[in-house]
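Please consider the sequence and structure shown below.

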Amino acid sequence: MKKYIIAIALVLGTGAVITTSLNSCSTLATSDLGLAVIKRVLLGGINKGMSIYGNKEAFLQNNLVDKALPKQLRDINTTLEKIAPSLVAKEREYIADAAVYTVNISRPILENAVNSLNAQDVTRIIQGEKGTATLILKEKTSQQLVAAIAPKVEQELNKYGIVKTINTALSGSNLLGSLLGSGNSNSNVNAGGLSMLASEQIVNGLFNIIEDHEKQNSASLLGPLGK
């Protein structure tokens with residue numbers, strides 16, 4: 001295993017600075033300090049994501065959230081743009097409103113997962129590419145997050161009647177069936193299906209933000225770890 005001479009300065013919440021030297025990845029992986037550095041990066045990304053999700057306008061303007069839009073929902077929106085462009089904007093706003101209500105659900109799940117990271121996870125992070133820490137967090141929590149927030153997202157979307165409005169707009173489009181994978185032009189967008197797609201966007205957008213934070217801070221926080 002490639003060895004590194006590592007000097008780490010970790011600023012704790014109290015303002016104290018801890019400096020140490022580690023001689024190898026294996027030493028780092030079993031050190032409390034190495035684990036603390038990884039947790040600090042991830043928790044910073046989580047806080048950033050929660051800040052964006054707690055602000056409707058910030059959510060709507062974030063391109064990392066937009067990139068997380070599932071293909072099926074993106075295809076539906078592309079069709080809606082040709083029929084009722086204003087409806088796409090409303091749909092995005094309603095999903096943003098729903099995202100606000102998921103913050104208190106998502107935060108403890110993510111923070112608990114970060115606090116459960118172990119030496120094996122740290123080793124994988126150090127040996128992996130930039131973004132591996134977020135990938136591990138995603139593997140640990142993605143399905144749980146979607147399952148946890150989907151009911152709340154569906155509740156919020158139903159409050160605005162967006163599903164019925166979309167179905168009305170798409171009712172004359174022969175593209176609807178293919179978009180929904182049914183091959184039936186009379187198919188409807190399912191309420192649970194739309195909320196699940198929106199939930200996937202919310203979760204994946206959050207991980208995009210966390211990953212971006214990790215990569216942006218790799219040089220200053222993970223650089224001393226050989227990253």
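The paragraphs that follow treat salt bridges and the residues that take part in them.

The model is predicted. Across the whole structure, a search returns 10 salt bridges. As a general principle, side chains of opposite charge can pair when their charged atoms come close.

The side chains of Lys-48 and Asp-212 form a salt bridge with an N to O distance of 4.0 Å. Because Lys-48 belongs to helix α2 (residues 32–53) and Asp-212 to helix α12 (residues 191–222), the pair ties together parts that are 164 residues apart in sequence. Lys-48 has a relative accessible area of 31% and is partly exposed; Asp-212, at 25% relative accessibility, is likewise classed as partly exposed.

Other pairs lie within a single helix. In helix α12, Lys-215 and Glu-211 are 4 residues apart, about one turn of the helix. Their side chains meet in a salt bridge at 3.4 Å, N to O. Lys-215 is partly exposed, its relative accessible area being 41%, and Glu-211 counts as partly exposed at 27% relative accessibility.

Helix α9 (residues 132–160) provides a further case, in which Lys-152 and Glu-156 are 4 residues apart and therefore separated by about one helical turn. A salt bridge joins the side chains of these residues, with 3.7 Å from N to O.

The discussion now turns to Asp-97, a residue of helix α6 (residues 85–100). With a relative accessibility of 15%, Asp-97 falls under the 20% limit and therefore counts as buried. Which residues does Asp-97 contact, once its neighbours within four places in sequence are left aside? The contacts are with Lys-56 and Tyr-160. Asp-97 and Leu-60 are 37 residues apart in sequence, and their C-alpha atoms are 9.7 Å apart in space.

How values were computed: Residues are numbered from 1 along each chain as its sequence is written. This is a predicted model: local features need pLDDT of at least 70, side-chain atom pairs count only at pLDDT 80 or more; totals for chains, interfaces and linings use all residues. Side-chain values use heavy atoms; hydrogens and water are left out. Helices (H or I, at least four residues) and strands (E, at least two) are DSSP runs, numbered from the N terminus. Buried means under 20% relative accessible area, exposed over 50%, partly exposed in between (1.4 Å probe, protein chains only). Contact means heavy atoms within 4.5 Å.
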